[in-house]
Amino acid sequence: MDTLLTKPIAAVVTAVKESITNCTSTADIAANAPRYRRKSSTFIDGIHDVPEDGDRAPAQLYSTMSGRLFHSGRIAIVMVGLPARGKTHIAVSLARYLQWLGVKTRIFHLGDYRRATVGQGGHVPEDYFYPNASPASVVLRQKILKKCREDIYGWLNHENGQVAIYDAVNPTASGRRSLAKEFAKHDVQTLFLESYVDDENLLRENARNVKIGSPDFANMDPDEAAKLYLERMETKIPTFETMNEKELNYIKMINAGQKFFYNNVSFNYLSHRIVFYLTNTHIKSRATFFVRPGTATEEESYKADAPLSEEGMKYARVMTETVIKHREQERASRIAQGGADVPLRPLTVWCSTRMRTLQTADVFKELGYKVRQRSQMAQINPGVCERLSERAIRRLYPEEVVKHELDPYHHRYPRAESYHDLAVRLEPIILELEREQNDLLIIAHESVLRVLYAYLMHCSTMDIPNLKFPRNEIIEVIPGAYQNDAKRIHIPGLDPRTVPGSPEDIRIPVPDSGSDTPAPLPGGGLSAPAVPPIFIEKPPEKVVNTAAEAVRDKITDED
């Protein structure tokens with residue numbers, strides 16, 4: 001599998017069939033399935049990984065003995081809403097943000113437990129969701145609910161969990177009241193989160209994007225397939241009561257964030273952070289592209305803030321053409337596969353205030369694209385290590401090198417920033433990233449791209465310093481309801497001298513180099529090779545979407 005890491009990542013630890021053979025309880029089957037306990041490639045979102053260490057909180061400011069932050073107790077966030085309303089998307093996005101802050105958060109998808117209970121190839125009864133269901137359906141439903149909630153309580157009580165997100169339909173007011181009372185008995189605060197959608201266009205778009213991959217809808221017009229799916233759900237879940245329980249804490253998110261309604265959400269600081277995040281997010285699909293700026297005349301200098309070299313200007317033009325061509329090709333491919341013939345979503349460009357990123361973005365600006373500068377997106381500050389070779393760093397700061405080898409994410413050299421410092425600095429950008437509804441191209445230094453990519457793909461803090469963004473590739477992150485996916489887009493026709501990683505990065509451990517300071521670079525940019533460069537032309541290419549296989553059983557999910 002293709003990866004952004006310099007080291008290969010272990011394969012999935014356990015197959016579903018092995019879990020079923022070795023485990024006796026449905027809860028064990030669900031909890032040990034690959035979607036829960038796996039080590040992701042960085043090209044597959046790790047949001048459902050269950051780490052054995054605390055290395056997935058890049059922006060955590062402090063720690064506590066209990067593992068719970070912000071002087072807050074245990075919270076159960078209960079999702080409410082019919083299928084195709086974006087509940088799972090919201091749950092996953094919220095978990096991503098809370099885990100980024102260091103809040104121990106886990107999502108419990110009721111659909112996972114239902115599939116584990118029914119077994120591979122099994123189906124739930126037609127009256128499973130009916131209020132007056134048959135006794136067999138009621139027993140099955142209660143069994144599934146019991147196993148899921150046992151896992152929630154076990155995680156909150158015995159694994160020091162802080163926020164449990166319960167992802168299910170929860171259609172009736174009486175059921176929600178009972179659930180709140182049950183959590184209260186366990187000293188767990190309950191916050192209900194309803195995604196309410198009455199915009200028919202938005203409903204069809206959600207169903208078209210997420211739910212109609214089933215063979216039942218093969219070769220159908222996407223709009224007709226979405227309409228048929230929604231009609232099926234109305235039949236399967238005939239009773240749904242929107243939230244209006246005055247005594248409960250709840251948030252109602254209306255039409256993908258167009259409006260919000262809050263009731264009694266006043267019990268602690270963390271709940272207000274959750275509300276603030278939700279007001280900055282939406283469930284509309286859009287792509288995010290990551291790309292580095294062109295080479296500068298003083299590539300090794302952080303303080304100089306040098307302009308682009310001649311090769312850097314050429315790179316900016318070729319990269320711009322590649323992004324535009326790729327988006328057009330993706331649109332044509334969707335239409336050829338039966339998708340709707342709709343215009344491309346607008347593209348917004350973000351860059352830092354550094355000269356090289358501004359000049360790289362200027363090509364987009366000349367073509368009429370919106371370019372926004374973000375001062376927080378400046379590269380990581382190398383401090384006293386600027387312009388020093390690897391051997392010089394080892395000789396001058398041997399104790400710092402040892403510390404860096406132990407924890408390259410949190411360690412900072414004298415007068416420098418760590419990746420943790422950078423992640424905390426980028427938190428306002430994270431919220432703007434969630435709020436952006438256009439397709440987004442981020443032009444930034446490799447260190448910034450590592451942190452932002454790690455947020456979207458939920459990478460480990462130990463992996464972040466090793467993520468690679470060669471200049472001849474654009475990385476595209478495609479959002480999904482259950483997990484995100486990523487693609488590589490090749491930039492053709494570049495001089496190989498522009499491809500290597502940023503030379504100003506500090507990479508420890510490293511092999512010894514031959515000199516204490518870098519040699520002068522004639523003419524700026526990267527030094528010239530001894531032989532003329534060889535240009536390799538190849539069309540844009542992308543990584544196979546392996547994430548689709550991991551969630552194929554969710555495409556007709558009713559939860």
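# Cavities and crossing helices

A search of the whole structure turns up five cavities of 30 Å³ or more. The model you are looking at is predicted, so keep that in mind as you explore.

**The largest cavity**

- Rolling a probe the size of a water molecule over the atoms shows where empty space is left.
- The largest cavity has a volume of about 250 Å³.
- Its lining is made of 16 residues, and those nearest the centre of the cavity are His89, Arg286, Glu434, Leu456 and Pro479.
- Two elements give two or more residues to this lining: α3 (87-101) and α15 (427-435).
- Which element gives the most to the lining of the largest cavity? That is α3, with four residues.
- Sorted by class, the lining of the largest cavity holds seven polar, five nonpolar and four charged residues.

**Helices α15 and α16**

- Two packed helices are described by the angle between their axes and the distance between the axes.
- For α15 and helix α16 (residues 446-457), the angle is about 55 degrees and the axes are 11 Å apart.
- That angle makes α15 oblique to α16.
- The crossing of α15 and α16 is right-handed.
- On the α15 side, Ile429, Ile430, Leu433 and Glu434 take part, and they meet Leu452, Tyr455 and Leu456 in α16.
- The contact of α15 with α16 has six nonpolar residues, one charged residue and no polar ones.
- Glu434 and Leu456 belong to this contact, and both are also among the residues nearest the centre of the largest cavity.

**Helices α3 and α16**

- α16 also packs with α3, at an angle of about 130 degrees and with the axes 9 Å apart.
- α3 and α16 are therefore oblique to each other.
- Arg96, Tyr97 and Trp100 of α3 make the contact with Val451, Ala454, Tyr455, Leu456 and Met457 of α16.
- By class, the contact of α3 with α16 has seven nonpolar residues, one charged residue and no polar ones.
- Tyr455 and Leu456 of α16 touch α3, and Tyr455 and Leu456 also meet α15.

**Helices α10 and α11**

- How do the axes of α10 and α11 cross, and what distance do they come within? Helix α10 (residues 310-336) and helix α11 (residues 355-366) have axes that come within 9 Å and cross at roughly 45 degrees.
- That makes α10 oblique to α11.
- The crossing of α10 and α11 is right-handed.
- From α10, the contact uses Met313, Ala316, Arg317, Met319, Thr320 and Val323, while α11 brings in Gln359, Thr360, Val363 and Phe364.
- Six nonpolar, three polar and one charged residues make up the contact of α10 with α11.

Methods. Residues are numbered from 1 along each chain as its sequence is written. This is a predicted model: local features need pLDDT of at least 70, side-chain atom pairs count only at pLDDT 80 or more; totals for chains, interfaces and linings use all residues. Side-chain values use heavy atoms; hydrogens and water are left out. Axes are lines fitted to C-alpha atoms, for helices over the stretch in contact, and angles run from 0 to 180 degrees between N-to-C directions. Angles under 35 degrees count as roughly parallel, over 145 as roughly antiparallel, 65 to 115 as roughly perpendicular and the rest as oblique. A crossing is left-handed if the near helix is turned anticlockwise from the far one by less than a right angle, and right-handed if clockwise. Contact means heavy atoms within 4.5 Å. Ala, Val, Leu, Ile, Met, Phe, Trp, Tyr, Cys and Pro count as nonpolar, Asp, Glu, Lys and Arg as charged, and the others, Gly among them, as polar. On a 1 Å grid over the protein atoms alone, a cavity is a set of points where a 1.4 Å probe fits but cannot get out, and a pocket is an open set with protein on both sides within 12 Å along at least five of seven lines; lining residues have an atom within 4 Å of a point. Grid points are joined across faces, edges and corners, and a volume is the space filled by probe spheres set on the points.
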